[in-house]
Amino acid sequence: MESSSIAIDFLCRPYLILKHERLRQYYRQHYAKHHSVSWDQSRLNPQNRIDSFDTSRSRWRVDGATAGATQFFIVPIDLLPGLRPLRIDVFISDQLQHPSHLRIDLDLNIGVPIQENRALARLGISRHLCRALDEQCVRDPSFLARYCRLPFGSRLLFTSISPNPRDMELVVLSAFNLEREALSVGSLQRLWPDIPKECWPRAVDLSRLRFIRQLHESITLVQLADDIGGMGEQLVFKSNTESLTHLYHELRFLLRCPPHQNIMPRPARLVTKRSNFGGKVGLFGFLLPYYPQGSIRDDLPRKANEAPLSLKCRLELCMEVTSALIHVRERCGTFYSDLRPENVLLSDSGHAVLCDFEQRGNHYEWCPPEVLPYLYLENLQTIKHETRLRSLEEWPYIKKALSDTAQPPEGHGPSDIKGLSSMNRPWMRLNPSQQEMAMVYSLGLFIYAVFEGLSGPRKSISHRYPVEPDLEFPQMRIAPIEVRDIVHKCTQDGPEWESSGSSWTTKRPGAQAYGLLREGGYILPSKLRDGQEAMDVAVEGTVDVALEWWRAELSWADEALGILEREGGAFDASRPTLRDVLLELQDVDVPDEEDIYTQLP
């Protein structure tokens, strides 16, 4: 089946169990609509062909896009260098809602899983949107002036995609709700009286920031203008256009966290903006140091292919991250749920810096088995009102848990930003010692990825990295024996270890996530790997494979949930502590220089 943002969302989450018919109907509807077309809509009709992808003279620039490739970071060049970072992105509807010939010509399906900004900027749809924005500026000469007055986080939505960019209608969606949601610095200080006033950075108005480049959905590279109009060093503006709650949670953590050399330091400045209505001055983000080398997610795989990083350097990175996790656990009294290579930055001197403390939760493939049942519950809870619970009769513990969580536990509501760790309910279900064991599991996967030079433990249908993993956990070819032993101790109750005797994994489905794989712009059953035959697999067959996988996974989760919810129920507690892992890493003996790749087949 063709890839699309909606398909990825459905197939990669447990609520496929309750929504699979909706997904099938969605594909039937849009396939029928776009595959039986008249001459007026045919790709063979010259009027329906895109005449150019040339953007050399465009006044807009694509900096990247979010996962799913329906939200694009597109910047008006004419407003540089004085542009404020208003976080105004360009949106399109799901890929399948556009004619099939445009999905091909504009790389719509291919772009869905791409994670690299440069690759996203080269897509046909990215260049086509730039041309459409050029046409909008021609039709409406005042457009850029109004653009500068839009509320923070507003959206530019193209209601449809046409071969001729002149025919594309643009709708402006002003984000008034986000400005109403923003709290003032004073309100946060009153809400968090435990944070001393001297720990609060100075606030600067958004108008003093100058946009340079959008690096990520929540990360903007900026410069801060000084009091006399000069420009200072480059900084990162951390913001969030979906909800400010997680942003405020991260701010609270950073302000309370004692300094550590391998943890993101406290913000240099808070960033405020006066609301367009009412005049309230709200907090919209904060400024952090900029690390030009970026994260190790892409750096490690590239170095593995070009200039291999020595085992000693890999070991030092793992020890630094482990030390940072110990600091979070012992000095901050909380957990870190989001450990993966993209959340570990490299300083100028090559040391690890742990970042991203919003505590939204990790991708499923990075999560410990004792957290997954609760993550699945959170996902099913989002659509419980849309279905009758009797459809979950075969999973009694899941059904009961959904019935018991009609209201969030006290202190865990979506607007609660006072508690330090209240943003991640699945992890909050664990006691402190269990939280540490969960961190150890993710750390084991992280150590594996670092030593094997991988962006993740396996390929994913939802994410495509510049250098794709060529191994699947727990296969290893580079890590020394001592490191392999550490990884095994940390993750031995994971489903990938065939020798695991843990009751947590004996009934889990195979490691091939969802029973699917990604091939170009298609999602396919993993058992079909060759040629056009695989490309022609019907939507029904692909959904059936994923549905079967999720049924098996939820059967395991239901049994695991029963163990967790029982009095005294506990997961396999044979993992080492964080300090044990650090001690074992310190005992690993690797040569200063070793050409490990000469030994590879």
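1. Buried means under 20% relative accessible area, exposed over 50% and partly exposed in between, with a 1.4 Å probe and protein chains only. By that rule Glu 179 is buried, at a relative accessible area of 2%. This is a predicted model, in which local features need pLDDT of at least 70, side-chain atom pairs count only at pLDDT 80 or more, and totals for chains, interfaces and linings use all residues. Residues are numbered from 1 along each chain as its sequence is written, and side-chain values use heavy atoms, with hydrogens and water left out.

2. Glu 179 sits in helix 7 (residues 176-181); helices here are DSSP runs of H or I, at least four residues, numbered from the N terminus. Leaving aside residues up to four places away in sequence, Glu 179 touches Pro 151, Phe 152, Lys 273, Ser 275, Asn 276, Lys 280 and Phe 284 (contact means heavy atoms within 4.5 Å).

3. Now have a look at helix 19 (residues 578-587), whose buried residues are Leu 578, Val 581, Leu 582 and Leu 585. These cover an arc of only 100° around the axis, so they lie on the same side of helix 19; the arc is taken from the directions from the helix axis to the C-beta atoms. They pack against helix 11 (311-330), helix 15 (432-452) and helix 16 (481-491). Exposed Leu 583 and Asp 587 are on the face turned away from the buried side.

4. In helix 13, Pro 396, Tyr 397, Ile 398 and Ala 401 meet Leu 554, Asp 558, Leu 561 and Gly 562 of helix 18.

Definitions and conventions. Helices (H or I, at least four residues) and strands (E, at least two) are DSSP runs, numbered from the N terminus.
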